[in-house]
Amino acid sequence: MRILRAIFGHGSGRIGGAIVCVYLLIAVLGLLGLTPHNPITQYRIDRLHAPSATYWMGTDLFGRDVASRLMAGIGQSFTVAFFSVAFATLAGTVLGLAAAWLGRRWDGVVMRVMDVLLAFPAILLALLIVTVAGPGTWTSVVAIGIVYTPIFTRVVRGPALSLKAREFVDAARTFGSSSSYIVTRHLLLNLVAPLTVQVTLALAWALLTEAGLSFLGLGTQPPAASLGLMLSDSRNLMETAPWLMIFPGLAIMISILGFNLLGDALRDILDPRMRRAFA
Amino acid sequence: MTPLLSVSDLRVGFGRDPRANEVVRGVSFDVADGETLAIVGESGSGKSVTALSINRLIDFGGGRITGGAIGLKRANGTVLDLAGAGEAQLTGIRGAEIGMIFQEPMTSLNPVLTIGTQIEESFRLHRGLTGRQATVAARDALDRVRIPDAARRLKYTPNQLSGGMLQRVMIAIALACNPRLLIADEPTTALDVTVQAQIMALLAELKRETGMSVIFITHDIGLVAGIADKVMVMQNGQAVEQGELNQILDSPRHPYTQHLLRDVPHFASGRATRADGRREKSENRQPALKVDGLVVRFPLKSNFFSRATGAVHAVDGVDFDLMPGETLAIVGESGSGKSTTAKAVLGLVRSTRGSFSVGNAPAERNVRPVQMVFQNPYASLNPRLTIESILAEPVIAAGGRVDTATRARMASLLDRVGLPMNSLQRYPYEFSGGQRQRLCIARALMLNPSVVVLDEAVSALDVSVQAKVLELLVNLQREYGLAYLFISHDMAVVERIAHRIAVIYAGQIVEIGDAASVLSRPRHSYTRKLISAVPAIDRRHEHFEIDTRQVPSLVRPRGFEPTPARWERFGGDHMARVEA
């Protein structure tokens with residue numbers, strides 16, 4: 001509650017929060033099929049129809065309604081983004097905590113593997129994984145999840161190492177507290193703030209990566225809609241039907257703007273040094 | 001004659017509306033040429049803000065001067081009001097006419113530049129010296145602050161020098177341009193007592209040599225007795241009392257000054273030790289804690305593959321015993337091994353050798369009879385847990401449950417340490433430093449320990465809070481028959497709480513015995529040095545001796561064993577190591 005109120009009081013947080021809320025609503029409608037038209041029905045006579053009262057954002061080469069496809073695509077892209085970030089958060093937190101807590105050899109092994117993963121550009125690594133595993137929604141989730149795991153591992157490991165050296169952890173050891181108690185109560189609980197910020201920002205990257213994969217034909221498979229796929233389809237029609245490119249492009253841009261604004265706001269709000277200003 | 005500095009009705013505020021958030025509310029004082037003014041107060045009293053306003057560094061900390069005047073007599077005799085001066089004018093005054101040294105010498109210097117470069121910078125900016133000339137000037141500056149082997153030390157980076165050395169470098173920089181006023185903001189608070197004594201001696205000597213005026217900010221009124229001419233006591237942004245040193249110390253008028261002088265622990269050379277609970281001669285009780293031949297070594301490896309080439313002998317053969325209801329204070333300087341001893345007793349560091357036995361330990365499993373209270377009450381409580389979860393932790397760790405009995409114990413302990421009943425659902429940040437330390441004490445007592453290790457448990461607290469927490473500790477000790485292992489560098493505090501004192505130096509106990517006896521008649525040369533360095537109210541305008549003896553390195557080659565100690569006894573319960 002306190003955080004929600006703080007987001008509302010924060011300039012860019014308000015804008016970012018509003019954008020994200022609107023997108024969530026659209027995504028839910030898109031996933032439930034509550035769109036103006038069926039996103040995969042082809043209205044042959046209305047091929048490449050410009051935006052009008054019937055087709056708010058026009059139709060594509062096959063006469064499918066762009067607005068409906070956009071809604072379904074946002075639903076699809078958000079699903080992939082949420083699951084892949086959830087995967088990355090979970091894996092990254094576990095690996096980061098393990099590296100920090102166990103230290104020594106574990107730390108070395110985990111972090112070197114993460115360094116190797118980080119050495120690849122995000123989209124290239126995702127492409128590699130999808131190529132090996134075959135395209136599809138759930139392989140993109142896993143691929144994008146793996147790509148962002150090292151970032152979460154680093155975000156968790158650094159603060160966890162410094163928390164581990166704090167006196168309250170020493171104090172817990174003097175009581176004889178178990179490792180699992182210390183890790184969950186003293187480390188994880190104090191990592192909630194940086195993780196929240198990271199999750200918000202990672203959602204933006206994941207959306208972008210999903211769009212990239214679909215654009216290259218390795219993410220969502222046609223006829224299902226996805227933002228990247230729609231952009232890809234619009235490539236050859238840029239001059240004749242610019243709406244095919246403009247709407248999905250804007251949709252991607254605004255969603256990423258929204259998540260970034262929200263992430264920045266959360267970073268300000270959850271920073272302990274700023275705590276008093278927003279409390 | 002106009003004074004060098006004349007501050008009248010100074011008001012300083014912070015935030016968007018500085019007038020509404022005033023931290024300094026109408027302070028007036030004068031500093032004459034060659035005079036030392038001490039500003040004394042606790043944290044939040046506005047003493048540092050007052051000092052930072054004089055050279056207007058406060059502007060960079062978000063503060064604004066909302067009223068009053070700061071008249072500085074310049075070298076040519078004109079008086080400049082610093083409160084209204086522009087930034088360009090101020091840049092010429094900072095460093096050249098007003099020098100400043102800060103509390104933390106370790107963070108006041110840039111870690112990547114050599115100290116030579118940093119001293120030369122001051123000469124370059126204010127005197128226009130360059131190249132060879134600047135280097136020579138920097139070497140002279142280091143000589144002046146008595147740093148041996150100055151030419152070589154110029155090439156050192158800050159991490160290669162000790163805290164005391166760094167503070168000397170800071171003084172050298174501050175004095176590079178012969179300022180007529182030096183502002184020293186708690187310059188010795190972060191340093192050991194013997195180093196503090198060296199820095200104080202240096203400041204006193206430099207003052208005599210140069211005839212500069214000094215504004216000395218401190219929370220320790222005992223320290224002031226050594227060097228101040230005048231004292232100003234601050235509380236809540238106001239100067240509650242100011243006057244000549246002797247007048248303030250001997251006949252304080254304001255109740256707060258009286259409180260500072262009377263209730264706060266001051267060192268009294270063993271006259272203020274506790275009268276209760278002295279160790280009986282023919283005692284045959286089981287000790288609460290017995291430590292026998294404790295050795296803690298940290299192996300040093302020159303690289304990953306080779307075997308250890310040597311070891312840091314942090315603790316090298318420490319024995320003592322601790323009776324129920326007794327306080328043994330372990331005193332020593334940083335790096336002497338006192339905290340490592342405590343951590344080894346608690347199992348936080350692994351001891352290389354030696355044995356502990358904890359007497360009359362409860363029969364139940366998992367109950368830890370030794371508990372600890374840490375130095376920093378801000379770091380030793382998890383900020384994300386409620387007080388209830390914090391107090392429950394030792395119980396859960398011991399395999400217990402948070403049930404009615406546990407809650408009742410929490411409530412009674414909270415009440416006992418003087419915290420309100422509604423604390424349980426609150427978070428640590430809602431409490432002050434003193435209250436947090438009370439919470440830490442309550443947490444340590446949750447499991448009914450027989451021994452409590454207090455590692456600098458009151459050092460981070462304000463002086464008047466210190467007194468109250470010490471009183472609480474003494475009362476708890478009487479009530480529960482607790483044995484305290486009290487680790488501290490602060491002799492004044494140790495004197496109030498200890499029954500026995502062990503002086504530790506370079507990992508070994510050099511003197512141990514009855515508190516009054518050790519403090520009033522120290523036998524070992526190190527104990528004498530330590531005690532003579534402690535500032536005390538009754539030592540006024542004392543001539544501090546400059547002693548640059550360094551603590552020996554604790555790094556020893558592999559297989560090194562210290563020579564067994566020979567002890568000399570002095571009376572019933574007092575013995576000291578025979579010096580070579």
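In the predicted model, B:Val12 has B:Val24 of strand E2(B) as its bridge partner. Strand E1 of chain B (residues 5–14) and E2(B) are paired antiparallel through seven bridges; two strands are taken as paired if DSSP finds at least two bridges between them. Strands (E, at least two residues) and helices (H or I, at least four) are DSSP runs numbered from the N terminus. E1 and E2 of chain B belong to an open sheet of four strands in the order E2-E1-E4-E5, with antiparallel pairing. Its edges are formed by strand E2 (22–31) and strand E5 (79–81) of chain B, each of which pairs on one side only. On average, neighbouring strands of this sheet are turned by 10 degrees against each other, direction ignored; axes are lines fitted to C-alpha atoms, for helices over the stretch in contact, and angles between N-to-C directions run from 0 to 180 degrees.

Strand E9 of chain B (residues 230–235) is mostly covered, with five of its six residues buried (under 20% relative accessible area, with exposed over 50% and partly exposed in between; 1.4 Å probe, protein chains only). E9(B) runs parallel to strand E3 of chain B (residues 36–40), and four bridges join the two. In this pairing, B:Lys230 of E9(B) stands opposite B:Leu37. E9(B) is also joined by six bridges to strand E10 of chain B (residues 238–244), in the antiparallel sense, and B:Ala239 in E10(B) stands opposite B:Met234. Two residues lie between E9(B) and E10(B), which form a hairpin; in the turn, B:Asn236 has a positive phi of about 50 degrees.

Chain A has eleven helices and zero strands. Its C-alpha atoms fill a box of roughly 75 × 45 × 30 Å along the principal axes. Of its 279 residues, 49% count as buried. Among contacts in chain A (heavy atoms within 4.5 Å) between residues at least 6 apart in sequence, 71% join residues at least 24 apart. Chain A exposes about 13,200 Å², of which carbon and sulfur atoms supply 70%; accessible areas come from the Shrake-Rupley method with a 1.4 Å probe, and for residues only the protein chains shown count as cover. The chain carries 21 positive and 13 negative side chains, and the centres of the two sets lie 10 Å apart. Lys and Arg count as positive and Asp and Glu as negative, without His and the chain ends, each charge being placed at NZ of Lys, CZ of Arg, CG of Asp or CD of Glu.

Residues are numbered from 1 along each chain as its sequence is written, chains are lettered from A and ligands numbered from 1 in the order in which they are written, and side-chain values use heavy atoms, with hydrogens and water left out. As the model is predicted, local features need pLDDT of at least 70 and side-chain atom pairs count only at pLDDT 80 or more, whereas totals for chains, interfaces and linings use all residues.
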